[in-house]
Amino acid sequence: MFTKLGVLGTAMAFALTTTTPVFIHWWTTGGEAAALKILVEAYEKTGNTWKDNPVAGGEAARMVARTRILGGDPPTSMQWQVGAPLMALAEEGQLNDIDAVAQDWDKLLPKVIADNAKYKGKYVTAPMDIHGHNWLWGNQAVLDDVGIPMPKTWDELIASADKIRAKGYIPLALGGQSWQEIFVFESILIDVGGRDFLTKVTYDLDDAALRSPEMLKAFETFAKVRDLVDPGSPSRDWNITGGLLINGKAAYMIMGDWLKGEFVAAGKAPGKDIACEVFPAGGKTLVFGTDAFAMTAVKDPATREAQLALAKTIMDPVVQKEFSLRKGSIPPRLDIDKTGFDPCAQIAMGEAAAGHLFLVPDNVTDATGIGALVDQMTTFLHSKMTPQEGVTAMADAVAATR
Amino acid sequence: MRRFLQRHVSQVALSPSLALIAIFLYGFIAYTAAVSTTNSKAFPRFDSFVGLEQYWRLFHTPRWHVAFTNMFLFGGLFLLVTISLGLLIAILIDQRIRAESFFRSIVMYPMAMSFVVTGIIWQWLLNPTLGIEVMVHQLGFTSFRLDWLTNPDTVIWALVVAAFWQGCGLVMALFLAGLRGIDEDIWKAAAVDGIPAWRVYVYIVIPMLAPVFLTVVVLLSLSIVRAFDLVVALTNGGPGVSSDLPSVFMFDMAFRRTNLGLSAASAVVMLGTVLAILIPYLYVETRERA
C-alpha cells in the first residue's frame with residue numbers, strides 16, 4: 001500500500017506543491033497541545049507563520065511525512081526521532097542542515113543527543129525535549145500501608161511482592177503490550193549487567209551477549225514478572241494500567257515519564273504522592289527518547305529561512321523550559337535551571353547532566369533486529385517457556401535477521 | 001472508423017478500465033514482488049537486489065510462523081463454526097416461522113457493524129476484569145473463568161467468536177436463499193415416501209446446496225486472508241504475538257519496522273495463499289460453464 005501511495009504521490013506532487021511552511025507533528029492531547037502552543041507563539045514572534053499539520057499518533061504522522069516526501073511535496077519540518085530513523089532520511093538526501101544557527105549546540109546539548117542529531121557533522125534536526133523511559137513509580141500510600149520503601153534493585157522489588165500481595169494490592173501494574181513490556185525488560189538488563197550489557201544486547205544485538213549467563217539471569221528475573229501482574233494485564237493500554245497505580249490498586253509501575261501527566265491530572269504530586277526513581281537505582285542509565293524537528297531538503301529560500309527560524313526558536317532557553325514544564329519532559333539544553341520543575345524532572349536533569357542518558361534502542365538499532373528481540377521478549381512473557389528456552393529463542397530470532 | 005467502432009464497441013468501452021486494472025492491480029502486484037527481492041528499508045530501492053533472501057528470512061522469523069499458522073487455525077475454526085451455525089440458523093428460519101423477518105434482521109444486524117467496532121465490543125465483553133466474567137461473578141458463580149483474550153492458547157477463539165458474530169448473517173442469508181430455491185416437489189416427494197426431515201436435509205437438500213457452499217467458502221476465505229482490523233481492534237496481536245495474522249505482520253514490517261523488503265515478501269506469500277484458494281474455485285467454475 002505504501003509503495004502505491006508513493007507512486008500516486010509522485011503523480012500528484014506538482015498539483016500539491018506549496019511554498020507556505022508546513023509542520024507535521026503528533027502533539028494533539030492536552031499537555032502536548034499546551035506545550036506546542038509555547039513553541040508556536042515564540043516561532044510566530046520571529047515573523048513567520050506556522051501552518052499546522054497535526055496527525056494523531058507518532059506512527060501515522062511519520063507515515064504522512066514519509067509519503068509527502070516520496071511524493072515530492074515535503075513538509076517544511078516534521079517531528080522525527082533522532083538517531084537511526086533520522087540518518088535513514090539524511091542518507092536518502094531528504095534533509096537540510098541547520099548549521100548556520102547551530103554553531104554552539106555541541107556545548108549546550110548532551111553528547112548523545114548532539115551526536116544523533118547530526119549527519120556528517122552537521123545538525124539536521126533541533127531537539128525539543130527529553131522523555132525518560134525506565135522510571136519506577138510507586139504509590140506512596142500503598143507503600144506506607146505495606147510498610148516498605150521504594151526498592152533499589154529488581155531483587156528488592158521481587159522480594160517485596162509477597163508483602164504487597166498480602167495486603168491485597170497488585171505488586172506491579174503492567175500493560176501487556178510489547179512497547180510497555182520492553183521498559184521492564186530494559187531495566188532488568190541494566191540491573192543484571194549495567195549500561196555496557198544493555199549496549200551489547202540492544203545496540204549491538206551481540207550474539208555472545210544474547211546467549212550469555214547474564215542474559216539467562218535476566219530471563220530468570222523476567223519470568224518472575226509473570227507473577228507480579230494481575231490477570232487483566234495482557235494487551236491493556238498504558239493509561240488504564242496507570243489508573244491501577246494512581247487509584248492505589250497497584251504498588252509499582254514501570255513507565256516513561258509521560259505517566260506524570262496522568263497522575264497530575266488526578267491531583268497527585270510527582271515525587272510525593274507517587275514516588276519516582278530511575279530504575280534500577282545506581283544503574284547510571286536513563287533510557288530516553290527525544291522529540292525533535294527534522295528539516296527537509298527544501299530549496300526555496302523563504303522556506304529555508306523558516307527552517308532556520310524554527311531551529312533557533314526550538315533551542316531558545318525560555319522556550320525549552322516553558323515547553324518541558326507543560327509537556328512533563330525535561331529540556332535537552334543542559335544550561336536550563338531546575339527551578340519550577342517537579343522533583344522527578346529534577347532527578348532526570350541530574351542524570352542528563354551526569355552523562356547517564358542512553359538513547360532508546362529503537363532509534364539506534366536496525367528496526368528489524370530490535371523488532372525480533374521485542375517480539376521474542378513479549379512472546380516469552382506471555383508463555384510458559386523456561387528462561388533457557390527464552391534465551392535461545394531470542395538469540396535465534398535475532399540471528400535470523402542478520 | 002465507424003465500422004471499426006461498431007465492430008469493437010465493447011472492447012473500446014472496456015479498455016480504460018482494463019488499463020487501470022493492469023496498472024493499479026497487476027502493475028503494483030509486480031512492483032511488490034520486485035520489492036520483495038530487494039533489501040529495501042524505509043523506501044523502495046532497486047539497487048540492492050538480494051534474490052530470495054527475504055523469503056528465507058521470513059520463514060526464519062518465529063513471529064511469521066505464529067502469524068501464518070494462526071491464519072489457518074483461525075480460518076479453519078472460523079469456516080467450520082460460521083458455516084455450520086449459519087446453515088443451522090438458515091434451516092431454522094426456513095421452517096416458515098412466525099416473525100421470520102424479525103429473526104432474520106437480528107442475525108443480519110452485526111453485518112452493519114465495522115470490524116473495528118466488533119473488535120472493541122468483544123474486547124470489552126471478553127476482558128476478564130470488566131466483561132462477562134465479572135458479570136457472572138457478580139451473579140455468584142465465582143469459579144467461572146473466561147480468559148480467552150488474555151490466554152495465548154485460547155486467544156484465537158476470541159477472534160473466531162467475534163468474526164463469527166459479524167459474518168454469520170451473510171452466511172445465513174446465502175444459505176436461506178439457497179434453501180428457498182429448492183423445489184417444493186422434492187419435499188412433497190420425500191413426505192410421500194415418509195422420510196424424516198433431517199434425512200432429507202442431510203442426504204438431499206444439503207448436497208443440492210453445493211454451489212452455495214462454494215460461494216460461502218470462497219467469500220469467507222478471502223475475508224480470513226484480509227482480516228486485519230478485527231485483530232488490531234480486538235487484541236492488537238497480543239498477548240505477546242499470539243494472535244498475530246499475516247496482514248498484521250505485513251503492516252508492522254512495512255510501517256513500524258521500516259522493512260519494506262520483508263513486508264513485500266510476506267505480501268507475496270499471502271497472495272500465493274489466496275491464489276491457492278482461488279485457482280481451484282475458478283477451475284471448477286469454468287469447467288461447469290463449459
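This is a predicted model: local features need pLDDT of at least 70, side-chain atom pairs count only at pLDDT 80 or more; totals for chains, interfaces and linings use all residues.
**Domains of chain A**

- Chain A splits into domain 1 (2-129 + 290-353) and domain 2 (135-286 + 361-400).
- Between the C-alpha centres of domain 1 and domain 2 of chain A there are 30 Å.
- Where these domains of chain A meet, 15 residues of domain 1 are in contact with eleven residues of domain 2.
- On the side of domain 1 of chain A that touches domain 2 of chain A, the elements giving two or more residues are α4 (84-91) and α16 (343-353) of chain A.
- Of these, α16(A) supplies the largest share of that side, with five residues.
- Sorted by class, that side of domain 1 of chain A has seven nonpolar, six polar and two charged residues.

**Nonpolar cores**

- The largest nonpolar core holds 79 residues, and those touching the most other members are A:Trp137, A:Leu172, A:Ala173, A:Ala250, A:Tyr252 and A:Met253.
- Helix α9 (residues 178-203) of chain A brings ten residues, the largest share of this core.
- Both domain 1 (2-129 + 290-353) and domain 2 (135-286 + 361-400) of chain A give residues to this core, so it lies between them.
- A second core of 42 residues is separate, and it includes A:Phe23, A:Ile38, A:Leu70 and A:Phe323.

**Where chain B meets chain A**

- Across the two chains, 30 residues of chain A are in contact with 35 residues of chain B.
- Four helices of chain B, α1 (2-35), α3 (62-93), α12 (246-256) and α13 (260-289), each supply at least two residues of the side of chain B that touches chain A.
- The element giving the most to that side is α1(B), with four residues.
- The side of chain B that touches chain A is made up, by class, of 16 nonpolar, 13 polar and six charged residues.

**Backbone details worth a look**

- Chain B has a cis peptide bond too, joining B:Gly238 and B:Pro239 with omega of about -5 degrees.
- You will find B:Pro239 in the loop between α11 (229-234) and α12 of chain B.
- A:Leu205 is not a glycine, yet its phi is positive, at about 50 degrees.
- This leucine, A:Leu205, lies in the loop between α9 and α10 (207-210) of chain A.
- A:Leu205 has 21 other C-beta atoms within 10 Å, so it is buried.
- B:Ala99 is likewise not a glycine but has a positive phi, of about 55 degrees.
- The loop between α3 and α4 (100-108) of chain B is where B:Ala99 is found.
- B:Ala99 counts as exposed because it has 8 C-beta neighbours inside 10 Å.

Terms used:
Residues are numbered from 1 along each chain as its sequence is written. Chains are lettered from A and ligands numbered from 1 in the order in which they are written. Two residues are in contact if their C-beta atoms, placed from the backbone, lie within 7 Å. Ala, Val, Leu, Ile, Met, Phe, Trp, Tyr, Cys and Pro count as nonpolar, Asp, Glu, Lys and Arg as charged, and the others, Gly among them, as polar. A nonpolar core is a set of buried Ala, Val, Leu, Ile, Met, Phe, Trp, Tyr and Cys residues joined through C-beta atoms within 7 Å. A residue is buried if 20 or more other C-beta atoms lie within 10 Å of its own, exposed if 12 or fewer, and partly exposed in between; C-beta atoms are placed from the backbone. Domain bounds come from an automatic or database domain assignment.
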